[in-house]
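Colleague: Could you walk me through a few aromatic side chains in this model? I'd like the cut-offs along the way.

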Amino acid sequence: MSFFNEIQSLAGNCKILNVLLYAALSVGVLKITTSFLSFAAVVLDTLVLPPVNFKKYGAKSNKWAVVTGASDGIGKEYSLQLAKKGFNIFLISRTQSKLEVLATELETKYKVETKTLAIDFASDKPSNYELISQLTKNLPITILINNVGQSHSIPVPFVETEEDELRNIITINNTATLRATQIIAPIIADTVKSNKGVRGLILTMGSFGGLLPTPYLATYSGSKAFLQSWSAALAGELASSNIDVECVISYLVTSSMSKIRRASLSIPNPKTFVSSVLRSVGRRSGAQERYATSTPYWVHAFMHFGIESTVGVYSKLANTLNLKMHKDIRVRALRKAARQQKKD
């Protein structure tokens, strides 16, 4: 007797039970099918499909990319790799000396033009944004990389977070990103409108800290979750202007922010990470359930897909495990600081 005949035998002549059983079976088949297709999409996006051609964003046609937080780590890599693709680069960061060194490297190695602007986004001065506006208003910009960001110095309970740290995180991660985008997005729209066949691109750096609510990094976690929602909303607004908007989610990357120096399979260096971002722009990779969002590095993509497909990013289990991990990190950081203090 087939499985379907067994169902009919159990249901007997009860039509309602028959309907419920077949409905449950159909939902189960649908769930399995959609899960398989989503997993297949992750594999295709991260490991199979060819790299995106940046000619559609104006590569090698005297177009400009603006990169915030450009002088170190991921921001520096965005600058290097976009210059290699043939974009002129407008570099914005805090330290002028680092910007000048990077600008010289880009001009010498890739024969592109550069402009630099040294500002401290944490100060939140209106003059900062006036300078950005003045220096970019006549440039044919097609790309904005919202990379500038700050996290906590070490994991910390929210109620113990120092006010300066709290304000700096919100100001740098949120206010600066929104204000810079308000200035640059209209310029991108004008550039796209006057260059047939060219699209615009706005990438904003998200984080697993925003994907999963993260105890002991509550302010940072909230700031990155905000960027996810804002970026998706912006994507809807700018789609008709031929501007692609994407929130880029990452787990840990070796950088001064993460304080991790040694790369591993799950923790790539900035070069590897940025390469994964740029090769898969427009593809969701591990963020299959989210609009205008990508988790591009292949290990992070499978981590994201696995969490979302099982316990869920907002589950109590995920929250509890996150809490334990960051408590442990805090304990180790405090011990290290105490040892260093004794040495000093």
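Colleague: In which helix is tyrosine 220 found?
Modeller: This is a predicted model, where local features need pLDDT of at least 70, side-chain atom pairs count only at pLDDT 80 or more, and totals for chains, interfaces and linings use all residues. Residues are numbered from 1 along each chain as its sequence is written, and side-chain values use heavy atoms, leaving out hydrogens and water. Helices are DSSP runs of H or I with at least four residues, numbered from the N terminus. Residues 218–238 form the one that holds tyrosine 220, namely helix 8.

Colleague: Is tyrosine 220 buried or exposed?
Modeller: Buried means under 20% relative accessible area, exposed over 50%, and partly exposed in between (1.4 Å probe, protein chains only). Tyrosine 220 has 9% relative accessibility, so the residue counts as buried.

Colleague: Which side chain does tyrosine 220 join through a polar contact of 3.4 Å?
Modeller: Such a contact is a pair of N or O atoms within 3.5 Å; within protein, one must be able to donate a hydrogen and the other to accept it, and residues adjacent in sequence count only if both atoms are side-chain atoms. Here the partner is serine 207.

Colleague: How are the ring planes of phenylalanine 39 and phenylalanine 302 arranged?
Modeller: Rings of Phe, Tyr and Trp (its six-membered ring) pair if their centres lie within 6.5 Å; planes under 30 degrees apart count as stacked, over 60 as edge-to-face and the rest as tilted. The structure holds eight aromatic pairs. In this one the centres are 5.8 Å apart and the planes at 55 degrees, so the pair is tilted.

Key:
Helices (H or I, at least four residues) and strands (E, at least two) are DSSP runs, numbered from the N terminus.
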